[in-house]
Amino acid sequence: MSHRIPVSQPLLNPQSKRYLADCIDTGWVSSQGPYVAKFETAFAKLIGTKYAVSCTSGTAALHLALAALGIGPGDEVILPAFTMIAPAFAILYTGATPVLADVDPTTFTLNPDLVAQKITPRTRALIAVHLYGHPAEMSPLQDLARRHHLSLIEDAAEGLGSTYQGKKVGSLGDLACFSFYANKLITTGEGGMVVTNNATIAKKLRSLKDMAHSPKRRFLHLSLGFNYRFTNLQAALGLAQLAFLPRIVRAKRQLAARYTRELRHHQDLILPQEQSWAKSSFWMYALRVTRQRQKLMSFLKNHGIDTRSFFIPLHRQPVFKKLHLFTHERYPVAEIISQEGLYLPSGPHLSLQDQTTVCRTIAAFYAKV
């Protein structure tokens, strides 16, 4: 195929080149450059939190958040059974135990009623993942956290630009973690951010990400730290893109609306639904195919259209079988949406012609079956 339609491509504005050139011209390419603080300040303002601490990835952000809370061996952290694997890995990095709860079949996010059943005296935190851009139902999770004295962490890697009850995703928990991987709404190539309103936690995050140097003497280390420093180059790219975020979210939502209009007549498709209390960024247009998902994906691929199947539920991951985790556990909602789910090309600058091609190719598939 001479022309392929990718699942996602980053939208990089001209200012990105100017900021990056400034880093190179001044020689500030490491974590000590001025763009790091500028990006953190601008990001905290965007989300509406007091502090933002940059790091190397969304996974590193989750690890930092848990470590800053002092979570470790003997503790339990509840997370959704259906999510990208990063939050489970981050929990294991601390020595704590991940505990799974099933998800809502419409939003694909934590089912608060099932979370309540998983809380034990060892539970220290909840991780709410805002999946594919749609916010988790935060109010009942906030209530559970308050009632049981738990920390509430938002995994907002896919949720930047979304809102819950009019409040920005990332401002709803004790901490929130973001990713700036290449396919996210804004990208720094790789990178992450933790936001919080807690000054003590923010100070701990900054120390941990920079090898936990003693404040009195550099290269004197009083605790276990990590090399999760964010570079000036990455921060320059991120700062330039922040101004484009409203445009990116608007483009994603317009694309989602068009897909929904064009695809709603196909009976085998369960299209994403935006709840009344949410405004989704539609990071990806994530739908379910009740019959012949693999055939549809192959048909689209043969016509130059890339898709991705949904995440594999955590209890079905081979790595956790080796660790004797989630043995004999079943999460029926996570299992069915994983079997049926795929997302379509969702890049913010997907042309109208490419959008039309995707919709017409899906129609052509259903005309044949």
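Start with a right-handed crossing: helix H3 over helix H4. The model is predicted.

**Stop 1: H3 and H4**

Select residues 58-68 for H3 and residues 86-93 for H4. Their axes come within 9 Å and cross at roughly 40°. The two helices are therefore oblique to each other. Now show side chains. On H3, pick Thr-59, Leu-62, His-63 and Leu-66. On H4, pick Ala-86, Pro-87, Ala-90, Ile-91 and Tyr-93. These residues make the contact. Colour them by class: seven are nonpolar, two are polar and none is charged.

**Stop 2: H2 and H8**

Next, select H2, residues 34-47. From H2, show Pro-34, Tyr-35, Val-36, Lys-38, Phe-39, Ala-42, Phe-43 and Leu-46. They meet Asn-232, Ala-235, Ala-236, Gly-238, Leu-239 and Leu-242 in H8. By class, the contact of H2 with H8 has 11 nonpolar, two polar and one charged residues.

**Stop 3: H7 and its two faces**

Select H7, residues 199-209. Which residues of H7 are buried? Ile-201, Ala-202, Leu-205, Leu-208 and Lys-209 are. Their arc around the axis is only 130°, so they sit on the same side of H7. An α-helix has 3.6 residues a turn, so residues three or four places apart point the same way.

What do the buried residues of H7 pack against? Highlight H2 and H3, then strands E1 (51-55), E8 (175-179) and E9 (192-196). The buried residues of H7 pack against these elements.

**Stop 4: H10 and H13**

Finish with H10, residues 293-302, and H13, residues 352-368. Their axes come within 10 Å and cross at roughly 125°. That angle makes H10 oblique to H13. The crossing is right-handed. For the H10 side of the contact, select Lys-295, Leu-296, Phe-299 and Leu-300. For the H13 side, select Thr-361, Ile-362, Ala-364, Phe-365, Tyr-366 and Lys-368. How do these residues divide by class? Seven are nonpolar, one is polar and two are charged.

Conventions: Residues numbered from 1 in each chain as written. Predicted model: local features only at pLDDT ≥ 70, side-chain atom pairs only at ≥ 80, totals over all residues. Heavy atoms only, no water. Axes fitted to C-alpha atoms, helices over the stretch in contact; angles between N-to-C directions. Helix = DSSP H or I, 4+ residues; strand = E, 2+ residues; numbered from the N terminus. Parallel < 35°, antiparallel > 145°, perpendicular 65-115°, else oblique. Left-handed = near helix turned anticlockwise from the far one by under 90°. Contact = heavy atoms within 4.5 Å. Nonpolar A, V, L, I, M, F, W, Y, C, P; charged D, E, K, R; others polar. Buried < 20%, exposed > 50% of the residue type's maximum accessible area, 1.4 Å probe, protein only. Arc of directions from axis to C-beta.
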